[in-house]
Amino acid sequence: MTVNIGISFDGFSTFGESLDTAREAEAAGASSFWMAEHLGYRDPLTSCMAFAMATQRATVVPTAISPFLRNPVPLAMAMATLAEAAPGRVAIAIGVGNPLFLAEAGLKLEKPLVANREYLAALRGLWSGEPVQQPEAMLHRLAGARMMFRPPQPIPVYLAPMKEQMLRFAGKSADGAVLSAGLSAEFVKASYALVDEGATAAGRDPASVRKAAYIFFVASKDERDAMQKSRTKLAFVLRNRYIDDGIAHSGIPIDQEAIIDAVSRRDMDEATRLVPEAAVEAFAVWGDRKRCARRLQDYIDAGVTEPVLYLTGTESDRSESLAVIREFALA
C-alpha cells in the first residue's frame with residue numbers, strides 16, 4: 001500500500017515559519033501541505049498559494065473550508081487560480097467548521113449535511129464552467145453563477161466528516177475523506193468502514209476514495225516533554241463537540257464541556273490540564289523516533305493512506321519528526 005505523508009499547518013506559526021517548515025518537509029519526502037482554516041489564525045488560501053510557489057512537488061490543500069464562512073463563487077475562483085499556479089498540485093477539503101468559533105463569528109451551524117452537499121455540488125458545477133442553478137439552496141442561492149475560466153485539471157475535494165451520516169456521504173460523493181486529529185487508530189478504522197459503506201451503496205469502489213487523517217505528531221528525545229506538547233494540541237481539538245463520538249468510542253473519561261468552556265475563555269492552560277494522560281496516549285503520536293514510527297504505523301494499519309501530521313514542538317523536535325518522515329518516504 002502506498003502511503004503519502006502530508007504536513008498539517010494550523011495557522012498558529014508565523015507565515016515565515018510555516019514556509020520554512022514546508023520547504024524542509026518536502027525535502028524530507030512530504031507530499032502534501034494542508035493549511036487549516038481556524039478562525040483568528042493565518043489564512044489557508046493565502047498560505048497555500050505561498051506553499052505552492054515555494055515548493056516543487058507537494059500538493060497544497062486548504063482545509064476544512066466551511067460553507068458557512070465562504071460563498072462558493074469566490075472560493076471556486078481562488079481555487080481555480082491556485083490550480084493555474086500549481087497545475088496538478090491542488091486539492092481542497094470542505095467541512096462545516098467548529099461550532100464554538102462559528103458562534104463567536106455570529107454564525108449558526110445548522111443542517112451540516114445539507115450545507116456540505118450543496119457546497120460540493122456548487123464547487124464542482126462552477127469548475128465545470130457551466131452556469132450553476134441552486135435557487136432553493138439553504139445557504140448560497142446561486143442563480144446562474146458561472147466561471148469564465150476553468151482549472152487546468154480537476155480539483156479533488158475531500159470531505160472532513162465527523163458523524164455517521166457525513167462519513168457515509170463522503171464515501172458516496174467526495175474524492176476523499178480526511179478525519180479529524182484527536183482520534184484513536186481504532187476509531188479511525190471504524191470511521192473508514194462507514195466511508196466504505198457509503199461508497200459501496202453508491203456503486204463506487206471504496207478503494208477509489210482517498211483516506212486521509214490528521215495526526216498530532218511530536219518526535220523528541222524527551223518523551224515526557226513530547227507528551228505534554230501533544231496534550232496542549234489535543235486540548236484545542238477537543239473543543240469541537242462533534243468529536244464526542246471518538247471520545248465515547250475510546251472509553252476514556254474526558255470532561256469535554258469543561259474543555260470547551262476553558263477554550264472559549266482562551267484559558268489553554270486549564271484546557272490542557274483537563275486532558276487525561278490516557279487520552280494523550282490514545283489520540284496522538286509522540287515519543288522517540290522508534291515509538292513514533294510504530295504509532296504512525298498503527299494509523300496506517302487502520303486504513304490511513306494519507307497521514308497528515310501536525311508537527312509541533314521545538315526546532316529540535318521538528319528535526320526529529322522530519323527524520324521519521326524521511327524514513328517512511330524512503331521505505
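Across the whole structure, which is a predicted model, a search identifies 22 salt bridges. One of them joins the side chains of Asp10 and Lys233, with a nitrogen-to-oxygen distance of 2.6 Å. Asp10 belongs to the loop between strand S1 (6-9) and helix H1 (15-28), while Lys233 sits in helix H8 (residues 223-237), so this contact ties together parts of the chain that are 223 residues apart in sequence. Both partners fall under the 20% limit that defines a buried residue. The relative accessible area of Asp10 is 11%, and Asp10 is therefore classed as buried; Lys233, with a value of 15%, is buried as well.

A further salt bridge pairs Arg70 with Glu37, whose closest N and O atoms are 2.5 Å apart. This pair also links distant parts of the chain, 33 residues apart. Arg70 is located in the loop between strand S3 (59-63) and helix H3 (72-85), and Glu37 in the loop between strand S2 (32-36) and helix H2 (44-54). Glu37 is buried, its relative accessible area being 15%.

How exposed are the partners in the salt bridge between Glu110 and Lys108? The closest N and O atoms of this pair are 3.8 Å apart, which lies within the 4 Å cut-off for a salt bridge. Glu110 is partly exposed, with a relative accessible area of 41%, whereas Lys108 reaches 63% relative accessibility and counts as exposed. Elsewhere, salt bridges with shared partners connect Glu37, Asp43 and Arg70 into one network.

The largest cavity holds about 70 Å³ of space. It is lined by 13 residues, of which Pro161, Met162, Leu183, Phe187 and Tyr242 are the closest to its centre. Helix H7 (185-201) and helix H9 (244-250) are the elements that each contribute two or more residues to this lining. Sorted by class, the lining of the largest cavity comprises 8 nonpolar, 3 polar and 2 charged residues.

The second largest cavity contains about 40 Å³ of space. Its lining is formed by Ser13, Thr14, Phe15, Ser18, Met35, Arg42, Ser47 and Phe51. Here the elements that supply two or more lining residues are H1 and H2. The lining of the second largest cavity divides into 3 nonpolar, 4 polar and 1 charged residues.

Which residues of the largest nonpolar core touch the most other members? They are Phe33, Trp34, Met79, Ile92, Trp127 and Phe217, within a core of 114 residues. Strand S9 (residues 210-219) gives the most to this core, contributing 8 residues.

Conventions:
Residues numbered from 1 in each chain as written. Predicted model: local features only at pLDDT ≥ 70, side-chain atom pairs only at ≥ 80, totals over all residues. Heavy atoms only, no water. Helix = DSSP H or I, 4+ residues; strand = E, 2+ residues; numbered from the N terminus. Buried < 20%, exposed > 50% of the residue type's maximum accessible area, 1.4 Å probe, protein only. 1 Å grid on protein atoms, 1.4 Å probe; cavity = no way out; pocket = protein on both sides within 12 Å on 5 of 7 lines; lining within 4 Å. Points joined across faces, edges and corners; volume = space filled by probe spheres on them. Nonpolar A, V, L, I, M, F, W, Y, C, P; charged D, E, K, R; others polar. Core = buried A, V, L, I, M, F, W, Y, C linked by side-chain atoms within 4.5 Å.
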